[in-house]
Amino acid sequence: MAKGQTTHVRSVLELNLAMLFISTSGVLGRHIDMPVPVIICFRAILAGCILFLFCKWKKISFKIESKDRLSVIAGGILMGLHWITYFYSLKMSNVAIGMLSLFTYPVITSFLEPLVLKVKFQKMHLVLGALVLIGIYFLVPDFSLENSYAKAVGVGVFSAFCYALRNLIMKTKVGVYHGSMLMWYQLVIMAVLLLPAIFIMDSSRIVSQLPYILVLALLTTAIGHTMFLYSLKRFSTTTASIIGSVQPVYGIILGIVFLKEYPEYSTIIGGILILTSVVIESVRSYKK
């Protein structure tokens, strides 16, 4: 295998590993028994401590130019909104609904990327985005506008918008700054903004829930999201988003193993459609 092919295959595998780590958020979001803002605050504090030590160990500079500070702050606020609304979506429904409503973000990204980054719009991304949406339609069981799942989907789609916009903003910075440092600043912004929630809301169960929050902070956040930021150096934001659409499939599998939430046949059909879009975009990104 040629060096270029080996590098590409490794990049795709690393991105998929990042998606597996991030997909643990579905099971953990459903399992951790505390108010959502409290969960996200502790998650940000613990992950921030881990990344701070990592950056110090690697001697990564924390310096950010004044012209980039507003973008980093905006990225932190959007990431916080994304996490909070995503966890509320999980709490109102289940792992499948929460994760799959979030995964409208590749489609949202394909529309936002030409506007934010001034790149040429690719019609093929519309086709692949539509394929992901059809997959999501099949994956959502018993969808009805009259039940709480509809609210969960609405909140999840808003979470997707925040996530897509944050990724596009960070895309312009990952070539200049270290991904771990950027993620650390976003975590600090979230922790500062959400700190009052610890005192206002019920955080009395933190001791019993701490092991799960530690996994959420280390595996899902510090490792998974940092790996995803690195992937933006090797793929366009839309390509990374569409390849990342395998994440709900991983999440549903984890839901089966740990929460006994078994998918219906329609979920399997949707998963196949999403995986198809992942394979197509992986091949297209290599050919480029």
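Colleague: In this predicted model, are phenylalanine 62 and tryptophan 184 buried or exposed?

Modeller: Both phenylalanine 62 and tryptophan 184 are buried.

Colleague: How many aromatic pairs does the structure hold?

Modeller: There are eight aromatic pairs in the structure. One of them joins phenylalanine 62 to tryptophan 184.

Colleague: What describes a pair of aromatic rings?

Modeller: Two values are given, the distance of the centres and the angle of the planes. For phenylalanine 62 and tryptophan 184, the centres are 4.8 Å apart and the planes make an angle of 70°. An angle over 60 degrees counts as edge-to-face, so this pair is edge-to-face.

Colleague: Where in the chain do phenylalanine 62 and tryptophan 184 lie?

Modeller: Phenylalanine 62 is in the loop between helix H2 (36-57) and helix H3 (66-92). Tryptophan 184 belongs to helix H8 (residues 179-200).

Colleague: Which charged residues lie over the face of a tryptophan?

Modeller: Arginine 43 lies over the face of tryptophan 83, 3.6 Å from the ring centre. Lysine 58 is placed over the face of tryptophan 57, at 4.6 Å from the ring centre.

Colleague: Next, the backbone. What is the phi of lysine 59?

Modeller: Its phi is near 55°, a positive value in a residue other than glycine. Lysine 59 sits in the loop between H2 and H3.

Colleague: Why does lysine 59 count as exposed?

Modeller: Exposed means over 50% relative accessible area. Lysine 59 counts as exposed because its relative accessibility is 75%.

Colleague: And what is the phi of lysine 260?

Modeller: The phi of lysine 260 is near 60°, also a positive value in a residue other than glycine. Lysine 260 lies in the loop between helix H11 (247-259) and helix H12 (265-287). With 54% relative accessibility, lysine 260 counts as exposed.

Colleague: What tends to happen to nonpolar side chains in soluble globular proteins?

Modeller: They tend to be buried together. Here the largest nonpolar core has 74 residues, and Met34, Phe87, Leu187 and Phe228 have the most contacts inside it. H2 gives the most to this core, with ten residues.

Colleague: Which residues does leucine 187 touch, not counting those up to four places away in sequence?

Modeller: On that count, leucine 187 touches Ala44, Ala47, Gly48, Leu51, Trp83 and Thr221. Trp83 is also the residue whose face lies under arginine 43.

Definitions and conventions: Residues are numbered from 1 along each chain as its sequence is written. This is a predicted model: local features need pLDDT of at least 70, side-chain atom pairs count only at pLDDT 80 or more; totals for chains, interfaces and linings use all residues. Side-chain values use heavy atoms; hydrogens and water are left out. Rings of Phe, Tyr and Trp (its six-membered ring) pair if their centres lie within 6.5 Å; planes under 30 degrees apart count as stacked, over 60 as edge-to-face and the rest as tilted. Helices (H or I, at least four residues) and strands (E, at least two) are DSSP runs, numbered from the N terminus. Buried means under 20% relative accessible area, exposed over 50%, partly exposed in between (1.4 Å probe, protein chains only). A charge sits over a ring if NZ of Lys or CZ of Arg is within 6 Å of the ring centre and within 35 degrees of the ring normal. A nonpolar core is a set of buried Ala, Val, Leu, Ile, Met, Phe, Trp, Tyr and Cys residues joined through side-chain atoms within 4.5 Å. Contact means heavy atoms within 4.5 Å.
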